[in-house]
Amino acid sequence: MVGPQYDLVGNPLGAVRSTFERAAAAAAAESGGRDPVAAFRAKDWGATEVFRSFLFDQGGIDKVPVLDASNLGLIKPNTLVRFRGMVQDMLGSEFYAGAFKDGSTWRTNKFTDFSPFTMPHPCDSHLWERHLLHCVPVPGQNSWTMESSPGPDLRQMSNCSTSEQRDKRKRDGDDDAMDVSENGNGEGSSFSKKPKEDGVQGSSSSPEMPVSEDRVPEMNGDDHHIPGSFFSCLVKVYDMPESQVKLNDVAEFIGVYTFDPELAAPVDNSDDIMFDLLEDVTAQLPPSKVPRLHCLMSRKLSCHDFLSKQPAVEPSPSLLKGIRQSLLSHLTLVLGKDDLAAHCLLLHLLSRLRTKVDLVTVGRLSLNFTGFNRESASIFGNRLNTLVQRLVPYSQAIPLSIDYLNTATLQPRKDNKSGRLVTGVLQLPQGTHLTFDETLLQSGSLASKGVENTVLLKNLMESQMVEYDFEYYKLEMATDVQLLTLSEAKSNILPSDLVVPFRPSSVPAVNASLEELESWRWYLATVRSLPQLSEPETYQAIQDDMVNVMRNDRSLGCSELSRWLTMAQLTASSFGEKSLSMEHWQMVKELERLRKERMQ
Amino acid sequence: MATNRGGGNSSPPNNSVSSPDVRPSSPLPATNSSPPQSTRRAVGRRRRGSASPYPSSPSLGGFETPPPPGRSTPSGAGPTRQRQNWTGRFPPTPSTPMSTDDVPMSSEAGDEDTPETDGGGAGVDATPVFVWGTNISVQDVNAAILRFLRHFRDPRDAGRVDPVMDEGKYMRAIHRILELEGGESLDVDAHDVFDHDPDLYGKMVRYPLEVLAIFDIVLMDLVARIEPLFEKHIQTRIYNLKSSICLRNLNPSDIEKMVSIKGMIIRCSSVIPELKEAVFRCLVCGFYSEPVMVDRGRVTEPQRCQKEQCKATNSMTLVHNRCRFSDKQIIKLQETPDEIPEGGTPHTVSVLMHDKLVDAGKPGDRVEITGIYRAMSIRIGPSQRTVKSIFKTYIDCLHIKKTDKSRLHIEDGMDTDSTNASKTSEDDFVRDKIEKLKELSKLPDIYDRLTRSLAPNIWELDDVKRGLLCQLFGGNALRLPSGANFRGDINILLVGDPGTSKSQLLQYMHKLSPRGIYTSGRGSSAVGLTAYVAKDPETGETVLESGALVLSDKGVCCIDEFDKMSDNARSMLHEVMEQQTVSIAKAGIIASLNARTSVLACANPSESRYNPRLSVIDNIHLPPTLLSRFDLIYLILDKADEQTDRRLAKHIVSLHFENPDVEEHQVLDLPTLVAYISYARKYIEPQLSDEAAEELTRGYVEMRKRGNSPGSRKKVITATARQIESLIRLSEALARMRFSEVVGVRDVTEAFRLLEVAMQQSATDHATGTIDMDLIMTGISASERQRRDNLVAAIRNLVMEKMQLGGPSMRMIELLEELRQQSSMEVHLHDVRGALGTLMSEGTVVMHGDSFKRT
C-alpha cells in the first residue's frame, strides 16, 4: 500500500492522482499498453484505501474539519472535509471525463470538477459516472447532536491556522453553549439553529476573511427549495450503486471540498441555445452557493453516532434496567407525576417501525395524550418538547392549527421546472420524533391544501407512509416517525395507536445533569436497536392468553391485541431483555387496565 | 463517424455507398484499438459545386463527444446532425453537404450502376471501406440494409395468398410513401431487422450513427430508382428495439449507442427554430450570398461581398426569411413510478426532438423513445483554459411511441357515462401487464383467489368478502334513452358486533377502490362541499367533516359508524344511493352534483352488541327506506368462536415475531389486485346472456314462491323488484371478475347465493326462521304482523264478549290479565296498546288514558 506521502487533509487530490498514475502505469505495463485505465471505471484503484487507513487506522479523522454553515468560508478548496447531512434529493448521475491521456501519461479527474491539465481531445479520455446527492442539515436535528460530533478543529489544520480562525472557533464554542442554554430554557420549537446561522453570517461578512472575497461561497439564504435551511451541499458519490443510498438517509461524507471561482462565474454563452435548454439541475445549485463535496467515503449515521461518548460496556440487562429506572422517574417528573403516562411515553420513545405487511405496520406506537387544555399544553407541552429534544437526535414540534393546516407545505413536491424536489415538513429522516399540539386546533374550514395536509398526516399516522408529489404521479415513501399528539380529547384527525388521558398531579421542577442525559440517550439508542429473539413457548402462551382475553372482552380486536403485543415487546426491550416473557405481557395488560380505567 | 474510404477521391463515381462519410474523417491519431486500416484514413469525399466549404472538424459546437471507453470513434453529432439537413423542406441543393449530393447524382445518372444485386452496388472491386475505428465494412452494411429492405417479409403476411404481395413489407411501405408524397420517414421495426439479420441489428445498435446514415442513403437510393423525381428526403426511424433499458441504468457505456427507454414526459421546451442555412445579402449591392451552412452552432458571416463587381467588405447582413430553419425541441423524460426503487427519486433525461418529432408528446404522456444516447462537454466560457470535465447527456430521438392509450378511454368513459370506469392517471397498462392480468383471469379459481386476496389478514367472512369484491367490480350502469337511469354500483352495509374487523375491511376497501373515500359517519356532513374541522362540544374530540360523497364520485365511499351519522346527512344518502346525485342548495340555487358512488357502510348495533331477538331494524336504528337501498346487508356477528380467536391470536403473534413474508400462497398482491380491478372496470362490459336471463327469472320466481309455503297463511315477501336489480348487478360484477363479456348462468347462480347469504343473515325473521323482505322494506316481519292481527282479533272478541256498549271502562292492565289467562300467547302491555289503537281506528273502542270503553 502506498504510504501517505501527501498531506491527505490539505491536498487529497494529490494523493488521488499519484495513486492513479501509479496504478495506471502498472496496468499499462501489464496489459502491454492497451487501454490501461479502462479497468478503473467504477472501481477504486487504491486511493480510498490510502484515505481509509489514514483516517481510521491512524486516527486522521480528527484532523478533518466538519463542513458546516459556520466554517464554509474558512475551509480551503481542495481539502479534505467531513459533512453530515440528510440526502434531500437525488439528482441522478453525472458523466465526466474520468481518465484521460496527457501526453503519454494517463491522468484522472476523479474527485474533482475541473482538471488542472488541459483536456486533450475527447478521444483520449474515458467517460465515467458519478451520482449527485443534494444534502442538507438534518431537519429537526437537535443541538446536542452537534456538540457531540467530534469538533472541527481548525486549529489543527496545518495550512490555515490564523488568529481570525481561532476567534471564530471561540465564537463557535459560544454558540454551542448558547444552544445548550436555550435547550434548557425549553424553547417550544426545535427549529432552533439560529445561532449557527448567525455564526455563518458573521463569517461570510467578516472583513478579515483569510481568503479573498471571490473565493468564498456565499450562503444560499434565498434557496426557496429548502425553507428554514441555509446550507446545503452537493455531494458527488463515486463507485457506488445508487441503490445503496436512499432518500432521507442521514450520512456522513468524507471527501474533497471543491470550489472554483471560475466555474462559479455565471456562464455567458447565451448564443448557445442548446446549452440553456439542456441545463441540468446543478445549475440551480450554483457552486457559489452550494459547496461541492467529492465523496471519498461515506457511512450512514445512526443514533449511536451522535452520542458523545460511546460507553464501551455491553448493554447488559442490569445496566439498562438501572438507566430505565432513572429515565422513567425523570419522565414521571416531567409529566407531573403521572406514572401511567410516563410508562406509555417510555414505550413510545422506544418504538420503531419493525416490519410492514401490506397495510399493517408492526412496531410503531403513536401516542395521544388527551386531557390537555391550552394552559396545560403550554406547561407540559413545553416540558415534553424540551425533554424530547434532549433525548432524541431529530425532533420537531408542530403546532396544529387551522391556519397551519391550510398554509403549511407538508408534502414534498417535485418541481419539474427546476428538476428538484421541494422539501416539505414531512420529508424526515428515519427515526424522527414529531409532536403535534392539537390544542390549538379550533373549528374552522379547511382549504383544499388543508384537506391534503390532513390526509397526509393521517396516512403517516396509519401506515407510516408519506406521499411525495411528482406532479404526474405520486410516490409513497416509507418513513419511520414517532408521533406524539397532545390534544383535548381523542384526536380523530390524527388517529394514534395509544390514547392516554393525561392526569398530572403537580408541576414539580425537573432538571437533569448532562451525565444523566447522556446515559438516557445511550439507553434509547441502544434499546431501539436491540434485536428481538423469538421464543416459541412464550408465543404459545401469549396466544392462549389472547384467546382468553378475547373471550372476556369481545370488543378487543386485532388492532388492540396487536398493539398490546407491540407494547409487550417494547417493555421487554426496555428492560434490556432480548426476548419477550409472560411477565412483560402481564405488565402491559396491567397498564392497559389502568388506562381503560382512566378512559371511563 | 468518418469512414475510411480506400482510394480517397478516386472512389467509383456511382458509389452511393460512400456517402455515410458526410464529413471528412477527423485527423485523429490512431489509438491502440484502431483497426489496421488506419493507414488508409484518407478523406474520401467528392463535392460538386461546393460553394460552401464543409467543416472539417469532427464536432459541432460544444458537441464534443468523447468516445465511450474501449472504442475510439471520431465523435460529433455528425450524421444525425446531417440527417436533419436532409429532412428540410428544400430539395437538396448542390450546397447541401456531401451526403446529399450523392443522391441527386445517382438519380441523374440513371440506374446504370445502382445496387442491383444483394452484394451491394459498391462495386466488387472497390476496396472495403470501414467505419473508422471499427471492423464494420460499409459495403457489407450497405448490402445488408438493401437486402433487408428488399426482401424482408413480414411473417404475418406469410399466410396470405395474394400474389401482388410479393414485395416485402418495407418495399410496400416505401411505395406507400411515394404514393402519398406525405411521409418523410420510414418506420422500421427493429424486431424485423433482428429477425432478418441479427448481425445488422447488432451493428445498428452499437454504431447507430454510422449505420443509420448508411440506412438513409440506401433508402434514398432506392427511392431515387423507383421515382427519380422524388425530392423529399426520407428518414429512417427505428423503433421497437429488442430490449429497452431502464432510465436509471443508462451509463457511460451506452453513449453513442442506440437505446430504447420508457418514461413519462414531464416538460417540453418551446419549439426552437434552428438555423440550418444562412443567406446573406450585401447592403451595398444587394447581392445574395450562397447559403452558408451552420457550423458548430455558428455561422461565419462573409467578410466581403462575393460579387465580383462589388467586393465591399463588412457589408453582408443576414436575411432571415431566406434562411433555412428546422424545428427543434427538448423534452425531459422522467422514470415512471414502477421503475423507481424504494427510497429513490425518479431520474430524468433530456431528449432532443427534431422536425416531425417536435410536439409529438406532451407533458404527462407515457412514451417509449428510441434514440441515440449522447454526451456533450460543458463549455465554461469562450476563453477558458481549463475545460470542465463534466458532460451533459441527452438522447437524440429517432422515434417516439406513446404507450399510454388508456387515457383516451378514460376520458371517453367520463363523457358518455357508458362505464363506471374510473381510476385515472395511474394505470398504465402496458401490454404484457394486461396479458398477465388476462392470464390471471383465466385461472379456474380466480374467484376464490380474489376472495382470498381481499384483506388476507381477515379470515372467515368469505361471503362478505365476495360481496365486497362484487362491489369493487361493480355492475353496468345503464341509461335508457327515456332518461331512466339504472345504477351499476352495488351498495353494501355491514352490521355487526364491535371488534369484528369491520373497520379493517373498510380500510382495505378504501385502499383498493379507485377513488375511495374513507369517512366516519360521525364526522361527515356527507354532502357538503367544504371540509371543516369540527370539535365535539362535549368531549372536545376533533373530527374532520368532508363532503365525502361528492369526492368519491365513481369510487367507493366507505362510511364507518354509519349509525352515528346525523339524520340530515343520512337522508341525503337516499338520493345518492338511488339517483346517484347530490343536490345542494346554496344561496337559492340548487345544484345537482354527480355522486356515482358505491356506498360501503358499516354500523354498530344500537345496543353495542347485536341482539339476535330483535330485527335488523331494531338493532341498528336505521330507517327501512334507507336499508332497502343496500343491495347486500351483512350481519357480522361475533360468535365467540375459540377457533377464530385462536387463529387471530396466532396471526397477530406471527405478524410480530416471525417472518411475515411467509404468507398464504396464491394471493394476489395489492398492486396486482388494484390493477386487476381497474382493468376489469374499464374494459369489461358484460352483457346478460339469454340463458342467464332465463335463470334470473326462474330464480326470482322461485324466491317469490318460497314466501307462499304451504304452512303459512299469510304471504311472506321473500324478494322484490329491487332484488332483481341487485341480482343483475351482482352477476355482472361476477362476470367482470372473470373478464368475461357475457354473464353466464353460473354468475347468476352465484349472485343468488350471495344475495341469499346476505338475506339469510339480515332479513331472516327470527321468530319463524324464514327470509322476509318485509323486515327490511317495512321493518316488520310477516310473522310479527300475523301475531299483531291475532292479538287485535282476540281483543276484539274479548271486548265484544265482556263489555257493554257505553258500559264502564276497563283498564288495560285488566285486559292484559284476561288475555294472558285466555291464550298461550305472551302478550306485552305495549302490544295491547297497539292493538287497542287499531281497534280505536276501527271505531270499536275509545281510549282514555290507561282505560278504554266500547263504543
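Two strands count as paired if DSSP finds at least two bridges between them. In this predicted model, B:R811 stands opposite B:S851, a residue of β29(B).

- Two bridges link β27(B) to strand β29 (residues 851-854) of chain B in the antiparallel sense.

**Helices α24 and α25 of chain B**

- Helix α24 (residues 812-822) of chain B and α25(B) have axes that come within 10 Å and cross at roughly 105 degrees. Because angles of 65 to 115 degrees count as roughly perpendicular, α24(B) is roughly perpendicular to α25(B).
- From α24(B), the residues B:M812, B:L815, B:L816 and B:L819 meet B:L829, B:V832 and B:R833 of α25(B).
- The contact of α24(B) with α25(B) comprises six nonpolar residues, no polar residues and one charged residue.

**Helices α11 and α20 of chain B**

- A further crossing involves helix α11 (residues 462-473) of chain B and helix α20 (residues 721-737) of chain B, whose axes come within 8 Å and cross at roughly 85 degrees. α11(B) and α20(B) are therefore roughly perpendicular to each other.
- On the α11(B) side, B:L469, B:C470 and B:F473 take part, meeting B:L730, B:A733, B:L734, B:R736 and B:M737 in α20(B).
- Seven nonpolar residues, no polar residues and one charged residue make up the contact of α11(B) with α20(B).

**The domains of chain A**

- Chain A is divided into domain 1 (12-301), domain 2 (317-529) and domain 3 (531-600).
- Between domain 1 and domain 2 of chain A, 22 residues of domain 1 are in contact with 24 residues of domain 2.
- On the side of domain 1 of chain A that touches domain 2 of chain A, the elements giving two or more residues are β1 (79-102) and α3 (143-148) of chain A. The largest share of that side, three residues, comes from β1(A).
- By class, the residues on this side of domain 1 of chain A are eight nonpolar, 13 polar and one charged.

Methods
Residues numbered from 1 in each chain as written. Chains lettered and ligands numbered in written order. Predicted model: local features only at pLDDT ≥ 70, side-chain atom pairs only at ≥ 80, totals over all residues. Helix = DSSP H or I, 4+ residues; strand = E, 2+ residues; numbered from the N terminus. Domains from an automatic or database assignment. Contact = placed C-beta atoms within 7 Å. Nonpolar A, V, L, I, M, F, W, Y, C, P; charged D, E, K, R; others polar. Axes fitted to C-alpha atoms, helices over the stretch in contact; angles between N-to-C directions. Parallel < 35°, antiparallel > 145°, perpendicular 65-115°, else oblique.
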